[in-house]
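Trainee: Could you walk me through this one from the start? I'd like to learn how to read each feature as we go.

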Amino acid sequence: MVHVFSYQNRHYIFDTGSSSLHECDEKAALLLREKLGEPVDTSFIGPQERREYEEDFAELERQGLLFKEEVRAYPAKSGEVKALCLHICHDCNLRCRYCFADEGAYHSRREFMSLETAKKAIDFLIENSGNRKILETDFFGGEPLMNFDVVQQTVEYAKKEAAERGKKFLFTLTTNGLLLKDDVAEFLNAEFENVVLSLDGRKEVHDAVRKTANGKGSFDLVIDNLKNFVKIRGDKHYYVRGTFTAKNLDFSKDVLFLADSGFDSISMEPVVTDLPDLEITKEMLPRIGQEYDALCDAYLEYEAKGKGFNFFHFNVDLEGGPCLSKRVSACGAGNEYFSVTPNGDIYPCHQFAGDPAFRMGSVFEGRLDEAIREKFRNSCLFTRKKCENCFAKFICSGGCSANNYHYNGDIDEPYEITCAMMKKRTENAMHILAERKRRAEGGEKNA
């Protein structure tokens, strides 16, 4: 699989089999497109010049950098559990319109996880982790800080139990920031490997969808809490996670607003909803593509001025990154990673929580539904037939199983709108890699 694309009058060749990115001129790009069967005009390229390009292609092929056969490596089936998402609170102090979790209630009653249930979840993870030394627990909601006492006590319990068994926990928490006061911030900073902060960008954008229970905007209530947390966080991991909807297709402005506000690790995700005024439709994809281009250009400008920041979707590692068996199995939901609801029920991930068809057991039962687990275990990049001819497949890993299921009724049927955005972002990310290399080699001086 070879992908040829152009950006800002620069032309690129990406070889999927070798994960090699090459920059070329327009004629090389056209000839390779022709070689791939695309209808392009190459009549202006003379025979001698054509032969020279063909020799270049052949040399790259001999080096294993072009038309390299893809290697298949199926996911390892160890049977070990590595991570749990604890729904520590099925309630929220915000009423975000697009919330997949039904404003924190998950289409059920609002409830908190008890310390007893949380401890049983930790026990379940440790007992089913096999030889794994590093275990992961994500505190999720709703808004997990509404049940902060149980978060604290669970962390202490997990650390103690893990130490006795020669293991270690890495903790993550996702919060809207309303309750992120000094004492809470200090605890999270000390104990948590990563903290995800929810903020959609500009005040008017954020307040339009992320409202309090009394219907008022929440931006002014959270912004100082988030800034203060990032200040004390130092060089530890965190990121601000925003969501863009049909109402702010100019989301590059929200990303840059967040960067200008002092947040240097940012994600901006497309909404997943069927609300008519918020949902992303096929007709919006060209506009969204233009916005990713605008963000890509601004991203490089910020870097050149020494104001660079980390944007999650522009991070592509073509030289290292996860091994192939990890790339084809994606997040491991339903096999290595599970979510636990406040009553102790286990689901493949937080987006399946509450769906009786995907209930896999309970931490009190101590076992999993092996039929459901086998379905997720066997699902991988190679069972997602629409991914076969996609250049980004080893970067994307076939998309989110939950989104695939909720839109297409099948975890192996990719959600095409997400696919289109993923391909566009990947091209942008590859251009950024090439531009950085040019600058490092002196092709352009930094401003």
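Trainee: Which residues of helix 5 are buried?

Mentor: V184, A185, F187, L188 and N189 are the buried ones in helix 5. Buried means under 20% relative accessible area, exposed means over 50%, and partly exposed is in between, with a 1.4 Å probe and protein chains only. Helices (H or I, at least four residues) and strands (E, at least two) are DSSP runs, numbered from the N terminus. An α-helix has 3.6 residues a turn, so residues three or four places apart point the same way. Bear in mind that this is a predicted model, where local features need pLDDT of at least 70 and side-chain atom pairs count only at pLDDT 80 or more, while totals for chains, interfaces and linings use all residues. Residues are numbered from 1 along each chain as its sequence is written, and side-chain values use heavy atoms, with hydrogens and water left out.

Trainee: What covers the buried residues of helix 5?

Mentor: Here you look for contact, meaning heavy atoms within 4.5 Å. The cover includes helix 4 (148–164), strand 8, strand 9 and helix 7 (219–233).

Trainee: What kind of unit do strand 8, helix 5 and strand 9 make?

Mentor: A crossover is right-handed if, with the strands pointing away from the viewer, the path from the first strand over the helix to the second runs clockwise. Strand 8, helix 5 (residues 182–191) and strand 9 form a β-α-β unit of that right-handed sort.

Trainee: In which sense do strand 8 and strand 9 pair?

Mentor: Two strands pair if DSSP finds at least two bridges between them. Strand 8 (residues 168–175) and strand 9 pair in the parallel sense, over 4 bridges. To see this in the model, find T172 and look across to N194 in strand 9. On to the next pair: strand 9 also runs parallel to strand 10 (residues 237–244), with 5 bridges joining the two. There, V195 has Y238 in strand 10 as its bridge partner.

Trainee: How many residues of strand 9 are buried?

Mentor: Strand 9 (residues 194–198) has 5 of its 5 residues buried. In a regular strand the side chains alternate between the two faces of the sheet. In strand 9, N194, V196 and S198 lie on one side, V195 and L197 on the other, and both faces are covered.

Trainee: What is the order of the strands in the open sheet of 11?

Mentor: Read it as 12-11-10-9-8-7-4-13-14-15-16, with mixed pairing. Strand 12 (310–311) and strand 16 (367–368) are at the edges with a single partner strand each, so one side of each has no neighbour in the sheet. Helix 8 (residues 252–260) packs on this sheet, touching strand 10, strand 11 (265–270) and strand 12. Its direction makes about 160° with that of strand 11; axes are lines fitted to C-alpha atoms, for helices over the stretch in contact, and angles run from 0 to 180 degrees between N-to-C directions.

Trainee: Which strands form the open sheet with antiparallel pairing?

Mentor: That sheet has 3 strands in the order 1-2-3. Strand 1 and strand 3 (20–24) are its edges, each with a single partner strand, so one side of each is left without a neighbour in the sheet. Neighbouring strands of this sheet are turned by 25° against each other on average, direction ignored. Strand 2 and strand 3 run antiparallel and are joined by 5 bridges, and C24 in strand 3 is the bridge partner of H11. Helix 1 (residues 26–35) lies across strand 1, strand 2 and strand 3, at about 145° to strand 1.

Trainee: Which residue has a positive phi of about 65°?

Mentor: That's N9, which is not a glycine. N9 is in the loop between strand 1 (2–7) and strand 2 (10–15), and it is exposed, with a relative accessible area of 77%. F67, also not a glycine, has a positive phi of about 55°. At 29% relative accessibility, F67 counts as partly exposed.

Trainee: Where is the cis peptide bond?

Mentor: It joins G141 and G142, with omega about 10°. G142 lies in the loop between strand 7 (134–140) and helix 4.
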